[in-house]
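Dear colleague,

Please find the structure below, followed by some notes on what was found in it.

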Amino acid sequence: SESYRAVCLKDGGRVIGLLALNSVESDGGLDLGHVFHTGYVGDDVDTEALECIIDAVFREPGVQRVYCQNALDWTAQLAPLKKLGLRIEATGDGTDFFQRDENGDPITFVGCRMGIEKDEWERRGGQAAGQPTRSA
């Protein structure tokens with residue numbers, strides 16, 4: 001559907017990631033899901049792709065905030081979000097996820113929500129503020 005974007009390399013078109021644009025909530029918040037092939041985590045390709053999609057969603061009507069939800073100890077997945085100015089807003093027990101262990105018990109972890117407001121993104125010089133578009 002239009003809610004998903006593949007992240008592909010410019011040269012050759014290899015798919016290296018997936019971005020999920022979940023619904024915009026009544027407060028203008030958009031939940032941005034993201035996953036990247038481990039071979040491309042931390043080499044700034046992930047950061048560039050996230051920057052491009054955040055620029056794009058802030059141009060959509062009604063989007064005032066972007067947030068992502070991840071496990072707190074997935075530091076490699078959190079690193080590009082931090083580079084882009086997203087901050088940890090909340091942490092909590094991740095037992096509300098669907099994953100279970102071999103005994104059927106919930107797999108627990110500490111989750112976090114990181115976010116950034118549109119006005120802050122614009123102050124930082126994102127595309128929403130008129131900077132040249134980068135293409136991933």
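From the N terminus on, the elements of the chain follow the order β-β-β-α-β-α-β-β-α, which comes to three helices and six strands; helices (H or I, at least four residues) and strands (E, at least two) are DSSP runs, numbered from the N terminus. Please keep in mind that this is a predicted model, in which local features need pLDDT of at least 70 and side-chain atom pairs count only at pLDDT 80 or more, while totals for chains, interfaces and linings use all residues. Residues are numbered from 1 along each chain as its sequence is written, and side-chain values use heavy atoms, with hydrogens and water left out.

For the chain as a whole, 38% of the 136 residues are buried, where buried means under 20% relative accessible area, exposed over 50%, and partly exposed in between (1.4 Å probe, protein chains only). The accessible surface, by the Shrake-Rupley method with a 1.4 Å probe and with only the protein chains shown counting as cover for residues, is about 8,000 Å², and carbon and sulfur atoms account for 49% of that area. If contact is taken as heavy atoms within 4.5 Å, then 55% of the contacts between residues at least 6 apart in sequence join residues at least 24 apart.

Turning to the strands, E1 (residues 4-8) pairs with E2 (residues 15-24) in the antiparallel sense over five bridges, pairing being counted if DSSP finds at least two bridges between two strands. Six residues lie between E1 and E2 in their hairpin, and Gly12 in the turn has a positive phi of about 90°. E2 is also joined to E3 (residues 29-36), again antiparallel, by six bridges, with Gly17 opposite Phe36 in E3. The hairpin of E2 and E3 has four residues between the strands, and there Gly28 takes a positive phi near 90°.

Tyr4, in strand E1, stands opposite Ala20 in E2 and counts as partly exposed because its relative accessibility is 46%. Together with Leu18 and Val35, Tyr4 makes a nonpolar surface patch of about 280 Å²; such patches consist of residues with over 30% relative accessible area and no salt bridge, like charges being joined within 9 Å and nonpolar side chains (Val, Leu, Ile, Met, Phe, Trp, Tyr) within 5 Å, and a salt bridge is a side-chain nitrogen of Lys or Arg within 4 Å of a carboxyl oxygen of Asp or Glu.

Finally, helix H1 (residues 45-58) is largely enclosed by the rest of the structure, because 12 of its 14 residues are buried, among them Asp46, Glu48, Leu50 and Phe58.

With best regards
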